[in-house]
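Welcome to this short briefing.

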Amino acid sequence: MSEAALTRLGILISGTGSNLQQFIDACACGELAATIALVISNNPEAEGLQRASRGGLTTTCINHREYESREAFDQALVDTLRMHEVDIVILAGFMRILTPVLIRPYLGRMLNIHPSLLPKYPGLHTHQRALAAGDTEAGATVHFVTQELDGGPPVLQARIPVLSGDTAGRLATRVSKMEHIIYPLATRWLVAGRLVLVNEGACLDGEPLPPSGVSYSEGLV
Ligand code: GRF
């Protein structure tokens with residue numbers, strides 16, 4: 001890894017933090033050569049804040065309700081991320097619409113995970129929408145964050161079959177297991193400098209990725 005390696009992660013959450021937990025575990029066991037510099041929640045009640053504290057991490061709550069605009073809230077996030085010298089921002093169930101105030105300074109250094117096979121179903125209620133459409137596959141996508149909501153270039157995608165009798169809840173449980181595998185993996189690529197955003201496209205090991213990113217399979221490293 002070069003001297004300029006991007007190793008300090010800032011993880012943004014709003015809720016349960018099951019993805020955050022994967023990062024805590026992956027950093028602790030050395031699978032991810034990075035440090036979680038800070039966990040920020042916009043929701044003071046987020047369960048993920050307790051996970052972070054149990055993991056001995058620095059946490060802070062920046063409550064969006066205390067800011068008069070999205071931009072002012074995002075500026076507070078940027079100021080805090082800078083104060084903690086964060087290199088890479090990981091959105092892990094962070095339920096806020098972001099503005100350029102946050103997106104611009106971290107372009108190419110901010111990832112999100114979304115519970116659908118993007119570009120299908122950006123936004124909310126992805127599993128209900130997949131079921132209503134009669135899809136035979138569902139999944140999750142790690143993507144770079146750009147100005148377009150859930151629209152940045154996909155990096156890594158995991159597909160699972162929709163089973164007969166699936167409900168949105170059952171699907172969410174199985175998709176979530178895949179999220180826990182692919183999110184730390186894609187982040188490993190970014191930390192190692194293998195993954196870059198070039199001219200609004202994702203490249204891995206110098207090669208442009210296909211429109212839906214790398215398709216996850218077991219053994220992928
Ligand atoms: C995940 O389904 C993720 O895809 C979405 O928000 C959820 C976060 O879950 N962006 P958790 O808080 O990590 O358990």
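Let's begin in the loop between S5 and helix H5 (126-132), where proline 119 is found. Keep in mind that this is a predicted model. From that loop we will move on to the ligand and the residues around it.

**The loop between S5 and H5**

- Leucine 118 and proline 119 are joined by a cis peptide bond, with omega at about 15°.
- Histidine 125 is found in the loop between S5 and H5 as well.
- Although histidine 125 is not a glycine, its phi is positive, at about 55°.
- For context, most peptide bonds are trans, and most residues other than glycine have a negative phi.

**Where the ligand sits**

- You will find the ligand in the largest pocket.
- Around the ligand are Thr16, Gly17, Ser18, Asn19, Gly93, Ile113, His114, Pro115 and Glu179.
- By type, the residues of this shell divide into six polar, two nonpolar and one charged.
- Helix H1 (18-28) supplies at least two residues of the shell, and so does strand S5 (110-114).
- Domain 1 (1-106) and domain 2 (114-140 + 157-221) each contribute at least three residues to the shell.

- Serine 18 has a side-chain N or O atom 2.5 Å from an oxygen atom of the ligand.
- Glutamate 179 also uses its side chain: an N or O atom there is 2.8 Å from a ligand oxygen atom.
- On its own the ligand has 370 Å² of accessible area, and the protein covers 78% of that.

Definitions and conventions. Residues numbered from 1 in each chain as written. Predicted model: local features only at pLDDT ≥ 70, side-chain atom pairs only at ≥ 80, totals over all residues. Heavy atoms only, no water. Near = heavy atom within 4 Å. Polar contact = N/O pair within 3.5 Å; in protein donor to acceptor, adjacent residues only side chain to side chain. Areas by Shrake-Rupley, 256 points an atom, 1.4 Å probe, with all protein chains shown as cover. 1 Å grid on protein atoms, 1.4 Å probe; cavity = no way out; pocket = protein on both sides within 12 Å on 5 of 7 lines; lining within 4 Å. Sits in = over half its atoms within 2 Å of the grid points. Helix = DSSP H or I, 4+ residues; strand = E, 2+ residues; numbered from the N terminus. Nonpolar A, V, L, I, M, F, W, Y, C, P; charged D, E, K, R; others polar. Domains from an automatic or database assignment.
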